Amino acid sequence: MAYSDKVLNHYENPRNVGVLDKDDVAVGTGMVGAPACGDVMRLQIRVNDQGVIEDAKFKTYGCGSAIASSSLLTEWVKGKTLDEAASIKNTEIAEELALPPVKIHCSVLAESAIKAAVDDYKKKQQVN
Amino acid sequence: MHLNLPIYLDYSATTPVDPRVAEQMMHYLTLQGKFGNPASRSHKFGWEAEQAVEIAREQVAALINADSKEIIWTSGATESNNLAIKGIAHFYQKKGKHLITAKTEHKAVLDTCRALEKEGFEVTYLDPEPTGLIDLEKLAAAIRPDTILVSLMHVNNEIGVITDIAAVGQLTRSKGVYFHVDAAQSAGKIPIDLAQLQVDLMSFSAHKVYGPKGAGALYVRRKPKVRLEPMIHGGGHERGLRSGTLATHQCVGMGEAFRIAQLEMSDETIRLRQLRDKLWNGIKDMEQIFINGDLDQRIPGNLNISFNFVEGESLLMGLRDLAVSSGSACTSATLEPSYVLRALGRSDELAHSSIRFTLGRFTTEADIDYAIPLIREQVGKLRELSPLWDMYQEGIDLSTIQWTAH
C-alpha cells in the first residue's frame, strides 16, 4: 500500500512522543484500542487553569496510519480548549492525512483517544 | 559494497526467473524459435515443440525421482491442488465422502475443501502442534472408514516447517487412503524421492523455484494407479486430465528451473542455512522476540519472527529497504491476522507482530549484514513509540488489562 507523504512524515518524525504523569490532576489520559486488534493509542493532555490544553503526548502501537493519526492529533489539540479538542472529528484527521478507506478506523481511534483523555481529565476535576 | 535497495527477502512469495531459465524459454516463442503446438502431429513444428515439452517433463520428474509419465502440466500449484483434491473427491465419492487436511494449509487447499463441503463432502481440519507440525497420532485418529483423501503441505509457506510425509504416507497407504502433498514450497529446497515416498499426488509450482509464473505440475502416481476426475475438459491433452494447448515456453522454463534446482540444491541448502542462521544470530538477543514454528524441522531459507509490542505493518514501513511480509492484519485484505500463526496458538498480538524473512538464490551475505542493524534499529524505534512496550517495562501483565476492542 502506498502511504501519503503526510503519513510518512509523521511516521518518520512523530511529534510529541512521550508520557505525562498520569497521576497529576492536570493530566488527562485516554487509552483506546486493543493489542489483539493491532492498535492501541495512549493520548495524554496537560490542561492549564484556563481550561486550555498546553501540552499533549502520545504513544501508539499500530500501523503507520495509526501512528500518524495520533501524532497529528497531539499537534492539533495543543492550545485548544477541552470542548474544542473533544469536537475534533475523525474525518478531519482522515482528510488531512489522505487515509485510504481501509485505514479510516485509525482516525476513528484517534478521535476516541482525545475524547477519552478529555473525559479522564474532567473526572479528575470532579473528584477534587 | 553496493547494494540494490530494497533487498528482496520474500522468496517464498515468488522468485525471479533465473537468467538461465529465461534464456531457454526465449527459444520457444517466435517464428525463429520452436513455436509449434506440441499437439500438432503432422509437421516438424509440432514435433519439435512436443520434444521440448517431453524433455522438460523428464527434468521435472528427475528432481522428484518420478516417472515423467506421472507428471501432468498445469497453470500452477493452485490448479494442481484443485485438480488433485477435487479430482480424487469426485472420482472416489462412492467409496466415501470424507477428507482430512490441516488448518495451516494454503488457501488453495482450504478453499478447495470448502467448495467440496458445499457439495456434501465432509472435511476434518487438523489443528497443528504449537511447532506448526502435525501430530501423526491425531491424524491417525481422524481417519474414518469413509475417508478417501489426506491432503497436507510438505513445507508451510509462512513458517517453513517440514511435514514428515514419509510417515504420513505409510499411515495413509496402510489405511487405503489417498495422500496428496502440496509441495509448492519444498520442491528444489529439500530432497523429494517419490520412488520411496508413499505419496499418491503432489503439487508443484515453477515460480517458487526460479521458473516462470503461470506454470505448475501435478504428480499422479501410476503404481498403484491413482485416478482423477478432470476439471478442465477439451482436447484430451495430458491423458485427458487437463485439456488445453500446452504452453511450450512455460513447460521448458519449469523443466530448466527444476534441472538447475537439482544440480544446486545441496550446496544452496548449506549456503542459505548459514545466511539464515547469521540473520537470526544477529537479532536473537533482542528482548521479547519469538520464532514462529519449529526451528530444526524447517527449510533453510525461512525465518518467521514475532517482535512483541511492535505492530507488523508499522515495522514493514520501517523496514522499507527490505522486501518482507507480515502476518499483521493490516497487510491482509480481510483485516484478520495470519490464520497460520493463530492455528499455532499464537496470540493475536504476536500474529500482528510477525515478519517473514525468506532467503533465496540471489541473497548475499552483504544483504544480511545490511538487514541486521536495520531490524534492530527499527524495532527499537517502534518500541519507544509503543505504549505496550512501556507497560511491559513497568511489569504490567497486558492480559490483565480491560481493553476496548473495536
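Predicted model: local features only at pLDDT ≥ 70, side-chain atom pairs only at ≥ 80, totals over all residues.
Residues are numbered from 1 along each chain as its sequence is written, while chains are lettered from A and ligands numbered from 1 in the order in which they are written.

**View 1. The open sheet of chain A has three strands in the order β1-β2-β3.** Strands (E, at least two residues) and helices (H or I, at least four) are DSSP runs numbered from the N terminus. The pairing in the sheet is antiparallel; two strands pair if DSSP finds at least two bridges between them. β1 (27-34) and β3 (53-61) of chain A each have a single partner strand and stand at the edges, so one side of each is left without a neighbour in the sheet. Strand β2 (residues 39-47) of chain A is joined to β3(A) by eight bridges, and A:I45 has A:A56 in β3(A) as its bridge partner.

**View 2. Helix α5 (residues 104-127) of chain A lies across β1 and β2 of chain A.** Helix α5(A) runs at about 145° to β1(A), where angles run from 0 to 180 degrees between N-to-C directions and axes are lines fitted to C-alpha atoms, for helices over the stretch in contact.

**View 3. Helix α2 (residues 64-77) and helix α4 (residues 90-97) of chain A cross at roughly 110°.** Their axes come within 10 Å. That makes α2(A) roughly perpendicular to α4(A), a term for angles of 65 to 115 degrees. In α2(A), A:S65, A:A68, A:S69, A:L72 and A:L73 meet A:I93, A:E96 and A:L97 of α4(A); residues are in contact if their C-beta atoms, placed from the backbone, lie within 7 Å.

**View 4. Strands β3 (residues 98-102) and β4 (residues 122-126) of chain B pair in the parallel sense.** Five bridges link these strands, and B:A102 has B:L126 in β4(B) as its bridge partner. Together with helix α4 (residues 107-118) of chain B, β3(B) and β4(B) make a right-handed β-α-β unit: with the strands pointing away from the viewer, the path from the first strand over the helix to the second runs clockwise.

**View 5. Chain B meets chain A through 21 residues of chain B and 23 residues of chain A.** The elements that give two or more residues to the chain B side are α8 (312-318), α10 (348-352) and α12 (387-393) of chain B.

Note on methods. Contact = placed C-beta atoms within 7 Å. Parallel < 35°, antiparallel > 145°, perpendicular 65-115°, else oblique.
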